[in-house]
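Here is a short walk through a structure that may be new to you. Keep the picture open as you read, and take the sections one at a time.

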Amino acid sequence: MASIIEIDQLDLYYDTFHALKKVNLSIPEKAVTAFIGPSGCGKSTLLRTLNRMNDMVNGVRIEGSVKISGKDVYREDIYVEELRKQVGMVFQQPNPFPKSIYDNVAYGPRLHGIRSKEELDGIVERSLKQSALWEEVKDFLKRSALSLSGGQQQRLCIARALAVQPDILLMDEATSALDPISTLKIEELVQDLKNEYTIVMVTHNMHQAARVSDQTVFFLNGEVVESEQTEVLFSTPADSRTEDYISGRFG
Amino acid sequence: MIRRTGFDQQLEELKNLLKNMGSHMVEALDLAVSSLQNMDADKARRVVEQDARLNAMEEQIMEIGSRLIVTQQPVAKDLRRILVAFRIASDLERMGDLARDVAKVTIRLEGETLIKPLVDIPRMTEIVRGMVTESIESYLKENTDLAYKMAGDDDQVDHLYSVILQDLFKYISTAPEGANQAMLLVMVGRYIERIADHATNIGESTVYLVTGSRPDLNQ
């Protein structure tokens, strides 16, 4: 499988804290990659380097390279806005804007200069269909996004991310605040989306990683311990630390 | 290190149940073959009656294992421990059935005398008995070397079975009046040979448990 993200000898420091240590990783295109590991292992930090969300953290220092489609995202001539258009993100808590459903989805495309109502209508419909929310909201697109349930709000956030046609979608524990049914809907959605997008997810739910992802990466203390096809990692992990963690005998 | 005490205890219980099943199975094999050697139908009936114990233990293993899968969502080696317990339990249950089949031959021959003293059947039984014991030991100690060594003994069993087959067919051609008993003794040889195949399966389960790959030791 071709890789879309290449991480090479990546070190990340928060002041003196060495949060990521010499990380080397390839992330395959149009597949789901899950990052797992205990709290503080660096998995969310790494996710956030992929769209430069760590830039805003004081005292952060990054060495090594993160290449997306062959381009180093930390090069000076990279526009972060362009990068984040290419690399969308969904967070743990659904965070719709206090606007209508329609305006939430149209927000990004408008920001990137699309004005035509017809074009925006098309983008909103396509994005909501892709995020499996269209059938539930098509008759009241003008209603406030905040009137939706938590699971619907999260799918709206996915639609909002998809509206700018990214290549990559980052999901940072995107289902951990949702009930099991909403979680299942999003997991199914992820399976559909991987036909068109590369998905990288951080999850605390190992069984979710096992259910949803094609590749799983296990992190410990800022290092990649093991990166493997999911079915291999969950059946015959090569490293005993991976086995201990996924078997719940860790600590 | 976080421990999953309750889970680990239940996994240990599965192991102990299989150990007990193994002991019962070996006991059934011994009783069945000695019932035939001594033409002791009462002893044979005991084997038939006691087969229910093995069936019940197999069910108990299935029940505990299923419950652990549902409640503990095991992965990797933990999952293999349970899958392997299922497979070994069903091998041992089948081995018990085969020992019972040997005992049933004794019951069918009740009142007759043996056409000839048994020589190769007890020899074969001795080897198979060793294989069963070693297969269980290889599982309990997770010893793959022992599993492979044990599986190698199956060649001797197959050889003895073909000797038994030839001898008894020769006997039938010279003394057709004993054909009925000779055929039943051939079947006894076949039952015991099948027990060895199941022991080999247990060796395979051991290798799968330890390595995660499925070898074929039945070659």
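## Salt bridges between the chains

Let's start where the two chains meet: two salt bridges are found across the interface of chain B and chain A. Keep in mind that this is a predicted model. Look for Arg249(A), whose side chain meets that of Asp78(B) in a salt bridge, with N to O at 2.5 Å. Arg249(A) also forms a salt bridge with the side chain of Asp8(B), this time at 2.3 Å, N to O. Where do these partners sit? Arg249(A) is in the segment that follows helix 10 (240–246) of chain A, while Asp8(B) belongs to helix 1 of chain B, so this pair joins two chains.

If you count salt bridges over all chains, the structure holds 33.

## The rest of the interface

How many residues are in contact between the two chains? On the chain B side there are 14, and they touch 13 residues of chain A. Together the chains bury an area of about 1,100 Å², and carbon and sulfur atoms give 47% of that. Interface size is often quoted in just this way, as the accessible area lost when the parts come together.

There are also seven residue pairs in polar contact between chain B and chain A, counting pairs with both residues at pLDDT 80 or more. On the side of chain B that touches chain A, helix 1 (5–37) and helix 3 (76–108) each supply at least two residues. The largest share comes from helix 3 of chain B, with four residues. Sorted by class, that side of chain B has six nonpolar, five charged and three polar residues.

## Chain B as a whole

What is chain B built from? Seven helices and zero strands. Read from the N terminus on, its elements simply go α-α-α-α-α-α-α. Taken along the principal axes, the C-alpha atoms of chain B fill a box of roughly 70 × 35 × 20 Å.

Eight bridges tie strand 1 to strand 2 of chain A, running antiparallel, and Ile5(A) stands opposite Ile27(A) in strand 2. These two strands form a hairpin with two residues between them, and Asp15(A) in the turn has a positive phi of about 50°. Strand 1 is also joined to strand 4 (residues 60–68) of chain A by eight bridges, again antiparallel. In that pairing, Leu12(A) has Ile62(A) as its bridge partner, and Asp11(A) stands opposite Glu63(A).

## What the record says about chain A

UniProt, in an unreviewed entry, lists residues 5–246 of chain A as "domain: ABC transporter". In this model that span is 37% helix and 27% strand, and its end C-alpha atoms lie 25 Å apart.

Note on methods:
Residues are numbered from 1 along each chain as its sequence is written. Chains are lettered from A and ligands numbered from 1 in the order in which they are written. Side-chain values use heavy atoms; hydrogens and water are left out. Contact means heavy atoms within 4.5 Å. Buried area is the accessible area (1.4 Å probe) that two parts lose on being put together, summed over both. A salt bridge is a side-chain nitrogen of Lys or Arg within 4 Å of a carboxyl oxygen of Asp or Glu. A polar contact is a pair of N or O atoms within 3.5 Å; within protein, one must be able to donate a hydrogen and the other to accept it, and residues adjacent in sequence count only if both atoms are side-chain atoms. Ala, Val, Leu, Ile, Met, Phe, Trp, Tyr, Cys and Pro count as nonpolar, Asp, Glu, Lys and Arg as charged, and the others, Gly among them, as polar. Two strands pair if DSSP finds at least two bridges between them. UniProt positions are given in the numbering used here, feature names are shortened, and annotations may be inferred rather than shown by experiment.
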